[in-house]
Amino acid sequence: MKKIFPHPPRESNPTLWRSLEEREGSASFTEGLGREFSDAAAGRDQDGLSRRDFVRLMGAATALTGVGLTGCRRPEAHLVPFAKSAEWTVPGKFLYYASAMPTPTGAIPVIVTTSDGRPTKIEGNPLHPLSNGSTDAFAQASVLNLYDPQRPREITHDSLKVGRGDLDNLLAKIRATAGANGGEGLAILVGREHSPTVERFRTALTQQFPKILWVQDEAIAPNDAAFDTLLGAGVRPAYDFNKADVILSIGSDFLNPADAGFGFANGFAKRRDPNASMNKESMNRLYVAENHFSITGGMADHRIRARASELGDFAAAVAKAVAAKTGDANLKALVATAKTGTVSFDPAWINGVADDLIAAKGKGIVIAGSGLPVSVQALAFGINAALGNLGATVTARQTSAKTIASLADLSAAMKAGAVQTLLILGGNPVHTAPVDLDFPNLLARVPETLHLSLFTDETSKVTHWQVPAAHYLESWGDARSLDGTVCAVQPMILPLWNGLSTIEILAALAGEKVDGPSAVRATFASYSKDPSDAAWNTFLKNGFAAGSAFPAATPSLNQTAAVSAVQSGSVANDGFEAVFLRSSSVDDGRYANNSWLQETPDFVTKLVWDNAVLVSPADAKALGIEDGGWLKLTAGGSSLEAAALIAPGHADKSLSIALGYGRKGLSHVMEKVGFDAYPLRDSSALCFRSGVKVERLPKDYYVFARTQEHENMEGRNIAREGTLEQFKEEPGFAAEMDGELTPPKSLYPTPSYDQGLQWGMSIDLNSCIGCNACLVACRSENNVPVVGKSQVLKGRDMAWIRIDRWFASADHKEENLEMIPMAVMCQQCEIAPCEAVCPANATVHSEEGLNLMAYNRCIGTRYCANNCPWKVRRFNWFDYNERPLDELYFGPLAHKGMADSLKMSKNPNVTVRMRGVMEKCTFCIQRIEEAKIGRSVAAGASDVEKTLLPAFKTACQQACPSESIVFGNINDPKSRVSKAKADPRTYSSLAYLNTRPRVSYMARVRNPNPAMPGASLVGAANRGEHA
Amino acid sequence: MSASTSNETVTPDLSAIARPPQVLNNRGPLWVTDAVCSIVEGKTPLWWYAAISISGTFAAIGGACILYMIITGVGVWGSNSPAFWAWDITNFIFWVSMAHAGSFISAVLFLTRQRWSLSVSRAAEAMTVFAIVCAGVYPAIHIGRVWFVWFLFPVPNNYGMWPNFSSPLLWDVFAVTSYLTVSSLFWFAGMIPDLAVLRDRATTKIRKFCYGVASLGWLGTARQWRHYESMYVVLAGLTSVLVVTVTTIVASDCATSVIPGWHATIFPFYFMVGAVYSGCATVLTLLIPLRALYPQLKDLITPAQLEKVAMLLLMMASCVGYVYVYELFCAWYSGNAFERGAFWERFHGTAAWYAITCLSINLTIPQLFWFKRVRTCLPLVFVLAILCNVGMWFERFMIVTTSLLHDFLPSAWGNFHPSIVDILTATGTLGIFFTLFLLFIRFVPIMSMNELKAVLPGTQPQHGEGH
């Protein structure tokens, strides 16, 4: 690309000369003559993305955007430079494209916001049947993965950089060999794929090379085999929480989208509305049995602590009660085969649940944790079948039945020396494989190995070939969402660092030439009834192909299979068990390099930049440890040394630890972060492992960074809750909890704020599950910096929203512990205490009721933050954006500047704040202003005030899967927020201060079953002790 | 030096009601001049060099820390959320409060004709000025963007910047700057006749020139004395008002906020009595060693005067103790869970030891001054006075930071650990204070010679006894 300018020949002995070098005619001068820019100007580049590359990429991305041109993935040389913009792009104006984020549970349909060719923000795709326009925390944070400067940029072979040509040669060679021997010795390992195109290539490859070994593996995955056995090959259960009156979760965290698949929280939340129950529609009731507090457990009306290994006994006990009460023969037969252990559950609890489930026949759901053994699944389906829920609330979808080899099969083949070439196109098996498979050693024996990955991880360190993977925002693809609807995955930008997609590699193996979307288009033609260009364009525009969902299947439990499954169940023993959790921050470890997620607190423990062994308070006492005490867990031949954290509400004799941490030698983001629990897992114990020996290690206490250390409300009515009965008697019970602390009359004249637009927000604590989606969405939208563990330890995290998680127990017992998450952001007080005390007028009030922050005026006295009763103001103690987090204290000696690629991830509409200024939630003022400008433009000559404001949402509201955040104009009585604020459950937090917050909360209402033990203690968070 | 020529008239038998003499051993005016000037004119003692090199080093380290903090970020301190203010504002209030005793002793006691304070007033005023300098360090540098500190001043400018006059922090700016101005003027004005004495006694040209400039051409004419004394009274009056207003304004930083533990109407009084309490302790801490190091001062700084300072300290400490109890009572009596919680956590929370240290010192140590034997045992008074100031530092921290650590939402509660920069900056201000004080001892008459001479026996018109 370098331009060489022809230069007239130089005089041999010039009379005029510009430098001594010219006069002497030195080589360096002659060489430099033809160059447009000097070396210094051309190569100002530390992280491989120079200014020129950047402009080039932006141009490329712009050219690629837009439906019409999406097919033109032309060679780079022909791309239009950004200086001559494509006509549909307006610099500074966002463009939106439908796409989907593939996850192991299915695609999350998204709308990607791109700014000048850079994808900057992910939102849910509201058109998609499963999505209400919301996303989860992982989808929100996936933008950072795209721009992560630590992504590998080169294809390497035995640690040497090689070119794309070498890779093509390799793939051609593999294809040729496979063609000759029918694929013998060739194995391909992919993750839990939901892409029809990958599936098409699998079929093609297995046809071309019959002996090929196609392996699918996911570190944490639903027990698909169990569904195949119990419901029929390829039949997957689907749960309709919209219709369920009574739900029993047996160790299932179905509200966590990463765990159960996307789209359950919304259906569940719809049935949580206590107002609907006034109209004779019942509010649902949730029973949860689990070993650790999950977000689902936090929503429970009745929760029982049970060890993961006891969940089978628990399911059997409930099944037994249901069978006895209904006389259902099948269930009786099922229960009869269940092994009964020594564990016993409170019969009143079991009978209570059973009665309630029976009363809600056909309107109940019993759901077992998706990874739990087939014996537990069989019992859950058995109960559903006996109660007529199967086919009503528990339906099924017929996915394509296929038998795919597992990692165990692959390991066996590798052990037998039957694998010559292994292409690992997904996952990180060296890190995640069960220890008994001895995968790392087997892998070393395979002569040719290749790993396609987004990051350099344990697997890519040991494979012969490392190929950088393309991010889903930079590659063509497709993926099915949970219901089977095919979603389009469109590139928003050319691969930043030459990444390749799984599809491209598979296509090369299958001998199909891929040109842009051609492979995806070919697949589209195979399943779409209408393969026309118009249909394809609609597919891309909407982001999904309507009507492509899996066909419904009649769910029926295979009784014989169920009986033998139940028989296979094991009985819990007395020792400790270790339960392996999906991390709410790094999933199975795949997001370990994502600092946004590392700094996102765990749902329940509020731990950042770490995982921990979760121990029940009683066990901690018995083991003699406190938070940060070291434990050694030994199971089989492997052991794990990790620090423990006391987790209220945790089952005794049970230890939980999140996977995906404790990575070493990969990148500084992952370094010294948590403990690696994978070595404790073996093939027979993927979900939990019994018989774990635990000993306390006399090591110095480990220091955990948590964003909330104090979990007791201290008798203050902060998060308020009551019961449905209480609500029916006195709908305004929450506001009454102010008691004597009612807001006083102000002595001073106060602004009325009743003209024009007045912004306000309502947060429904009843549907808020505490899933962190809003938190990460806010970080992404508002360019909130990451500060690192040591700064969080000092109490300097910058998140504009924090989700306070309260534990409450009316009788101070673990059995009756409740959890309430409460999102707290700037309350936008009308009489804001922060504004009065700022000496520089840097925080002032707008006419629309917004508490504004003028960064330019802020000199950083921090008085505003002191005077904020909610402590939601965040101070830039250092130049978090400009200095590396490990050099914050180096002052001017620290490296300065942000990696170019990270700059690309920033929202251009939001200032990146410098050190020394205060910041806080702005109610996404950039979105408000955009909407107002849109309204003014639409109004034209007519009255702006009377013109409809374009619909918009704040970032947190948009991300919320349960729609518990409502934002809008409170001056408009018809707005959703006005209606929400008029709800009797509405109350203001700290109302007595009379600051008149614009954020109000709607109290949580629990729906206890009076027949249950401890029912009187449910919904009693505010009935505790008073300080 | 031992000039003992005297022009005293023999006093007949002292009656029981006579006040103790301000200058012991019947010293005459010339002796007073010699005694005070000898400190400035004599050879610099070795301990002075040792002392100033230590304090200067601390001051320099403190300065380096401040520079480091300005170029790196406020994060080098231990401050955090919720303790957005910690040692910075603690030290600011500590120093600015300490300053008040100096003004109180010299101005209020001057106006109320408390002559016992004359010998300590100059040193107390110097302490005031130097303490304000130390206090002023913090508000200037603790902010996030020091280079924009001018936003705090109502300077007409083309940015449209104008300060927010409803912010107590802005009141602080005016309070502290006017306090520094007035107390410096008051201190300097008091020195003019004494500087003229030094000028007149100077043996070198440089000294003569310097003191000549400093004494502003003082001749000691009756006309000058008349102007001088009326000016001095005016300045004393102004300073006395500032003693009250400045603490009140600094107290408003807390009192006008909404934070439990800050939001209390008693704060101006609380800060005022605490201020005089810590100031008295500082005066004792400075004067007792001074008296020991310069034996000629023993007749001028008498045990009786120091005892009076100790008594003043006792009174103020008792007021402080009353406020402690009152605060706790109010928190309980309010019935407000947040108020009660704040005070409960103050003594049970993460930073409880600050409050416990504060109360255990301030409620007990000063009470020892009820005993005359304690008050008059100067080495003991010295030690106890230092302890009192330690207690007062902890009190300032308790008010400023422990209140912040436990406010409304327990989810936002936190903890505070000082960083090394916090500690070295704090010791740096101590270094600045002592460096300035050592320079003061060495170059300026540390006592008001003109006022002292005025209270010598025989220099005042005597009434009765045949006169």
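How many residues of chain A are in contact with chain B? Select 48 residues of chain A and 46 residues of chain B to see them in contact; contact here means that C-beta atoms, placed from the backbone, lie within 7 Å. This is a predicted model, in which local features need pLDDT of at least 70, side-chain atom pairs count only at pLDDT 80 or more, and totals for chains, interfaces and linings use all residues. Residues are numbered from 1 along each chain as its sequence is written, while chains are lettered from A and ligands numbered from 1 in the order in which they are written.

Stay on the side of chain A that touches chain B. Helix H31 (833-837) and helix H32 (863-866) of chain A each supply at least two residues there. Helices (H or I, at least four residues) and strands (E, at least two) are DSSP runs, numbered from the N terminus.

Next, colour chain A by domain, with bounds from an automatic or database domain assignment. Domain 1 is 155-222 + 402-528, domain 2 is 235-398, domain 3 is 573-706 and domain 4 is 721-745 + 755-1006. Over C-alpha atoms, the centres of domain 1 and domain 4 of chain A are 43 Å apart.

Now select strands S20, S25, S22, S24, S23 and S26 of chain A: in that order they form a closed barrel with mixed pairing. Strands pair if DSSP finds at least two bridges between them. Within chain A, S20 (residues 576-581) runs parallel to S25 (residues 654-658), joined by five bridges; A:Glu577 has A:Ser654 as its bridge partner.

Last, select A:Arg397 in S13(A). Opposite A:Arg397 stand A:Arg236 and, in S19(A), A:Ala552.

How values were computed: Contact = placed C-beta atoms within 7 Å.
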